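Please walk through this model with attention to how individual side chains are placed and what surrounds them.

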Amino acid sequence: MKKIKVIIYGCGVMGRKIAEAIQSKNSLVIVGAVDILPELTGLDLGQLFEKQVDTGVKITNNPDKLLTETEADVAVITTTSYLPDVKDQILSCLKAGLNVVSTCEELSYPWKRHPQLAQEIDAEARQSGQTVVGTGINPGFLMDFLPLTLTSPCLKVNSIKVTRMMNSARRRLPFQKKVGTGLTPEEFQEKISQKIITGHVGLLESINMIATGLHWELDEAVELPPEPVIAERPTPTGFGEIEPGKVIGLKSVAYATQNGRRLITLEFYAYAGVAEEYDEIIIDGQPPLHEKIIGGVHGDIGTVAMTINAIPRAVEALPGLKVMSELPPPVAIP
Ligand SMILES: NC(=O)c1ccc[n+]([C@@H]2O[C@H](COP(=O)([O-])OP(=O)(O)OC[C@H]3O[C@@H](n4cnc5c(N)ncnc54)[C@H](OP(=O)(O)O)[C@@H]3O)[C@@H](O)[C@H]2O)c1
């Protein structure tokens with residue numbers, strides 16, 4: 001089997017988990033790694049793995065040199081959530097002849113929030129004959145691509161409601177940090193309003209992917225400010241036990257309407273110690289559908305897998321900027 005050659009662009013928590021998982025895939029091989037964190041420069045990528053190994057791939061802080069000198073098929077970019085920040089990284093990978101798969105949330109459906117940037121990336125991708133796609137567990141699958149796919153057996157869809165209920169204490173530390181774990185409620189509001197913590201990014205991208213997929217013209221798509229969830233008892237988290245009165249995570253809601261009617265509702269809960277984890281999709285349609293993933297999908301493992309499994313889809317796809325619903329559904333690759 002000819003292996004797809006991958007460059008890991010961003011060696012934070014997701015980049016290293018993705019890299020470690022790629023090591024066990026027969027169809028993929030890592031040929032380079034880049035990160036700007038000074039401590040990482042020159043390290044063997046395998047030193048960042050949970051089970052340390054020697055990969056022979058040294059982390060560089062010079063992406064231009066790496067991209068010029070290395071023969072590769074695809075860059076996996078896990079540097080940031082925001083399209084304006086990742087745009088130049090994407091363009092330089094495209095110019096070097098690489099496809100791009102990224103966990104950047106705003107890339108999952110960039111056409112509404114950043115139409116000009118999306119246009120620019122799409123034009124470069126078509127010119128260079130490569131594909132760009134944003135993916136991950138959410139956005140990228142659970143609250144957009146999966147509900148859209150679930151409408152396949154429906155003759156008519158009136159509305160869709162998706163709920164993700166997740167125990168944030170089981171997620172990586174950067175995630176627990178961005179949902180406000182350990183803050184006072186006042187610090188939470190302050191840090192959210194100053195964008196020091198982001199909360200969940202991507203609910204509007206998910207809404208727009210669903211609406212576009214179903215050819216729904218929306219009157220409005222609204223994301224409400226995230227609300228902190230407050231500990232009622234001492235609660236274990238990745239940052240230790242959180243005392244009652246402090247934040248253990250958040251609730252985020254977004255919805256979309258047409259003619260005063262709610263077509264899409266997304267409810268995202270991520271806090272430590274939730275009573276029951278699940279992912280639920282309710283489609284009011286013909287026929288109605290109610291799907292519940294008991295136990296929910298682990299967000300970090302799911303993101304690693306979605307990213308890796310999307311790589312062959314991106315390599316095979318026609319050139320351009322794609323969203324997940326434009327690619328054949330990825331499957332677990334060997
Ligand atoms: N779609 C989804 O479902 C999904 C799921 C999981 C994660 N994500 C997103 O994926 C991104 C990565 O997550 P993470 O937990 O791995 O974050 P992280 O630990 O902060 O990793 C990001 C890494 O990229 C590095 N970096 C930043 N700018 C760079 C640049 N210009 N060139 C090279 N390296 C650069 C960072 O270095 P510094 O530390 O020096 O900045 C850091 O090492 C986040 O934005 C996260 O929200 C999305």
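Ser-168 is buried, because its relative accessible area is 1% and buried means under 20% relative accessible area, with exposed meaning over 50% and partly exposed in between (1.4 Å probe, protein chains only). The model is a predicted one, in which local features need pLDDT of at least 70 and side-chain atom pairs count only at pLDDT 80 or more, while totals for chains, interfaces and linings use all residues. Residues are numbered from 1 along each chain as its sequence is written, and side-chain values use heavy atoms, with hydrogens and water left out.

Ser-168 belongs to the loop between strand 7 and helix 7, where helices (H or I, at least four residues) and strands (E, at least two) are DSSP runs numbered from the N terminus. When residues up to four places away in sequence are not counted, Ser-168 touches Phe-175, Gln-176, Val-179, Ile-248, Ala-270, Tyr-271 and Ala-272, contact being defined as heavy atoms within 4.5 Å. The C-alpha atom of Ser-168 is also separated by 8.7 Å from that of Gly-238, although these residues are 70 residues apart along the chain.

Arg-171 lies in the loop between strand 7 (156–167) and helix 7 (173–178), and with 9% relative accessibility Arg-171 counts as buried. Its contacts, leaving aside neighbours within four places in sequence, include Arg-164, Met-166, Gln-176, His-298 and Gly-299. With Asp-300, the side chain of Arg-171 makes a side-chain polar contact at 2.8 Å, the term denoting a pair of N or O atoms within 3.5 Å of which, within protein, one must be able to donate a hydrogen and the other to accept it, residues adjacent in sequence counting only if both atoms are side-chain atoms.

Helix 10 covers residues 299–316, and its 18 residues reach 26 Å from the first C-alpha to the last, close to the expected 26 Å, a span given by 1.5 Å times one less than the number of residues.

The charged end of Arg-262 sits over the ring of Tyr-255, 3.9 Å from its centre, and Lys-292 lies over the face of Tyr-278 at 4.4 Å from the ring centre; the criterion is NZ of Lys or CZ of Arg within 6 Å of the ring centre and within 35 degrees of the ring normal.
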